[in-house]
Amino acid sequence: MLRLCEVLSATLQRPLPIAVVGGEEVPSFLPRHAARTLVFVFQQRSSSLFRGALRRNHYLTLRVAGSVPALVRYASDRPNCRAQAHQLVGAVRQCNPVCLFESHFGKSNAFYVPLMEAKPMAKRARGLRRRHDANTKQIARLSARVRRELSYLGFPSREWTVPRFQDGARVLDVLIVGGGQGGLAIAFHLKREQITNIRIVDRNPRGLEGPWLKFARMAMLRTPKEVTGMELGIPSLTARAWYEARFGRDAWKSIQTFPRTAWREYLNWFRDVLDLPVENEVEVTAIGPSGDLLLAHLRHGQRVERVHARKIVLSTGIEGNATWRPPQNLVAYVPATRYAHSADNIDFRRLKGKRIGVLGVGAAAFDNAAMALEAGAARVDLCFRRAEIPRINPLLWGHFAGILAHFGELSDLERWRFMRHMLEPPQPPPQHAYWRCLEFTNFHWHPNCGWRSVRDTGRAVSVETETGSFKFDFIIFATGTETDLSSRPELAPIVDQIALWRDRFTPPTGEENDELGSYPYLGNAFEFTERTPGAAPFLRRLHNFTYGAMPSLGLTGAAIPGMKYGVPRLVNGLVRDLFLEDAARHYEDLAAYKVPELATLESKYDWISGLDGDALADIGVAAGAKPPRRKRLVS
Ligand SMILES: Cc1cc2nc3c(=O)[nH]c(=O)nc-3n(C[C@H](O)[C@H](O)[C@H](O)COP(=O)(O)OP(=O)(O)OC[C@H]3O[C@@H](n4cnc5c(N)ncnc54)[C@H](O)[C@@H]3O)c2cc1C
């Protein structure tokens, strides 16, 4: 179940001061406004004031600007809810609110009915509102510009894939699994290539695709703000164009990298302005062959739908071929309440006053340490095996066209060597993440401090390290992902047939790397390849646009800078395969093609005179207009 408190805490970069529990519904306005407001959510089991009164999924939201309450939300269709909510409204009025609204949420929008006039003294709130209105207009203008520019680039406009049917239903040309940035960019590119018989599904609710509002806990992205790619070269669709419209040009100049929550907001806009049909809360649970096609099982709540597709693209992110799990040898004897992985939902409020141990030295280690410190942890000790905090990020070195576009054309040995250099050293924490922790005097970091064992002592956990022992109340493992295709349920039926690097390549002595060897060995367009040649030809229909593509194709799937060359590479491969497979049908189509370009052998006068109103409109002649006059012959 979605933990709303996690989403909000992460969004606000600090814990919420009032108890908040999870809900299955997230108000659509949150990502838009949360950066400058606080949101308190009361729900049936969390608030003593409303315990028992609210039914499941109906909750009250009290939103405050600064520390001043601004909005009360409740399920207005439940009479007892309403009565309880009015009690809250009364309480809120006493807090000198800026204004109060009752909010109503429709399928696609929300509107607010004022319960109390905005106070004249609330200048700041009025200023914010004015700025918000102006920004909304800028975004609307930008959206119109995107649509206009796309209309300039509409050629070729003909849908061309050959329909296929299975069990009475049209077979999908492409099923995209994952509606994060990768899935959106792929869908957009396919649309431009006039492949429209596609579906995009994501198991998360709308706006919560990807890590951004879940376990990404940094304020800013690490990627340079100038990065482009998913907009496919259309300037009005860039993240910068959106950011300037949303926050102003000066705001753009003042940031070094993109704010995390703004990135999520940009993705929402990208999806909407391009009208990309993402189906949320639909999970792909299994993929396998079905005759000449692929068959996917799609779970919508309790219902399972079977869908045939010619192509399936996995755009399932960093963990698309992997799992986030703490080192199993360390947690074997520790109760689950004592630890979390950095990719888990962590209720940081519970860490107040506690001694926290963090294992890891990358960005996630520092982000999680900072969250614990900001929540009031008594002390945070960040431990790592290495002698120093890493400071070089080889992935940033790779931000140039040669590597980004053509890594896949290197020999196996070259790719292996490049990747060892890029992936073996841990990625350093970004500067801002490091400084965020350093603001706290109760933050300590320990090099040469790999953990040997973790033991539960009842009142705490005792950690033995290479350089001494610690007692912690709670541990966060920021140990990244472990590549393991078999951990992905959707791949379970076919995982044994997929070739991994270790099946295809033997590194020279001294250059071995088990982790790299467990990545899938992909073809040129991200397609899986067969472990035993000829045994699983259906794998050429399954494309893996995830972080798992790294050793085969470089920084492409699951990385913002990788999209500029990765998405066209993938989509060109899909277009090529779909076309070549039907080459014979296209040839038949050509042979049967009978649409005359030379419409008539009559004179223009006679031809137009014989057309009816609709046909005239088709060739751009207004009904009732005089037919062209015949030229006189001069003898
Ligand atoms: C904490 C963190 C910070 C990062 N910071 C940066 C950064 O600063 N710069 C940068 O370039 N990159 C960064 N990345 C890497 C990368 O940009 C992100 O992971 C990004 O979200 C990848 O986009 P994606 O679309 O490939 O995958 P995601 O955004 O992860 O989207 C994948 C989607 O697939 C869905 N899904 C998965 N399995 C299924 C299934 N079986 N059925 C249906 N849906 C499914 C998920 O719900 C998810 O929404 C970061 C990653 C993390 C985890």
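Modeller: Helices (H or I, at least four residues) and strands (E, at least two) are DSSP runs, numbered from the N terminus. This is a predicted model: local features need pLDDT of at least 70, side-chain atom pairs count only at pLDDT 80 or more, and totals for chains, interfaces and linings use all residues. Residues are numbered from 1 along each chain as its sequence is written, and side-chain values use heavy atoms, with hydrogens and water left out.

Colleague: With which side chain does the side chain of E159 make a polar contact?

Modeller: Contact means heavy atoms within 4.5 Å. Leaving aside neighbours within four places in sequence, E159 is in contact with Q194 and T196. At 2.9 Å, the partner of the E159 side chain is the side chain of T196.

Colleague: Is E159 buried or exposed?

Modeller: Buried means under 20% relative accessible area, exposed over 50%, and partly exposed in between (1.4 Å probe, protein chains only). The relative accessible area of E159 is 52%, so E159 is exposed.

Colleague: Which peptide bond is cis?

Modeller: Look at P156, also in the loop between α4 and β6. Omega is near -10° for the bond from F155 to P156.

Colleague: On to the ligand. How many residues surround the ligand?

Modeller: A residue is near a molecule if one of its heavy atoms lies within 4 Å of it. The closest are G182, D202, G210, R222 and T223. By class, the shell has 15 nonpolar, 10 polar and 7 charged residues. The number of residues around the ligand is 32.

Colleague: Which element gives the most to the shell around the ligand?

Modeller: Four elements each supply at least two residues: α5 (181–192), β9 (198–202), β10 (220–224) and β13 (283–290). With 3 residues, the one that gives the most is β10.

Colleague: What percentage of the ligand's accessible area does the protein cover?

Modeller: Take the polar side chains at the ligand. An N or O atom in the side chain of R488 is 3.0 Å from a ligand nitrogen, and one in N204 is 3.0 Å from a ligand oxygen. A polar side-chain atom of Q181 lies 3.1 Å from an oxygen atom of the ligand. Of the 960 Å² that the ligand has on its own, the protein covers 91%.

Colleague: How many of the 9 residues of α6 are buried?

Modeller: Helix α6 spans residues 239–247. Buried there are A239, A241, W242, Y243, E244, A245 and R246.

Colleague: Why does H341 count as buried?

Modeller: H341 sits in strand β17, residues 339–341. Beyond four places in sequence, its contacts include W324, F477 and T479. H341 counts as buried because its relative accessibility is 1%.

Colleague: How far apart in space are the C-alpha atoms of L574 and A525?

Modeller: L574 belongs to helix α18, residues 563–581. At 0% relative accessibility, L574 counts as buried. In sequence, L574 and A525 are 49 residues apart. In space, C-alpha to C-alpha, the distance is 7.5 Å.

Colleague: Last one. What is phi of N448?

Modeller: N448 lies in the loop between β20 (443–446) and β21 (451–456). With a relative accessible area of 36%, N448 is partly exposed. Its phi is positive, in a residue other than glycine, and near 50°.

How values were computed:
A polar contact is a pair of N or O atoms within 3.5 Å; within protein, one must be able to donate a hydrogen and the other to accept it, and residues adjacent in sequence count only if both atoms are side-chain atoms. Accessible areas come from the Shrake-Rupley method with a 1.4 Å probe; for residues, only the protein chains shown count as cover. Ala, Val, Leu, Ile, Met, Phe, Trp, Tyr, Cys and Pro count as nonpolar, Asp, Glu, Lys and Arg as charged, and the others, Gly among them, as polar.
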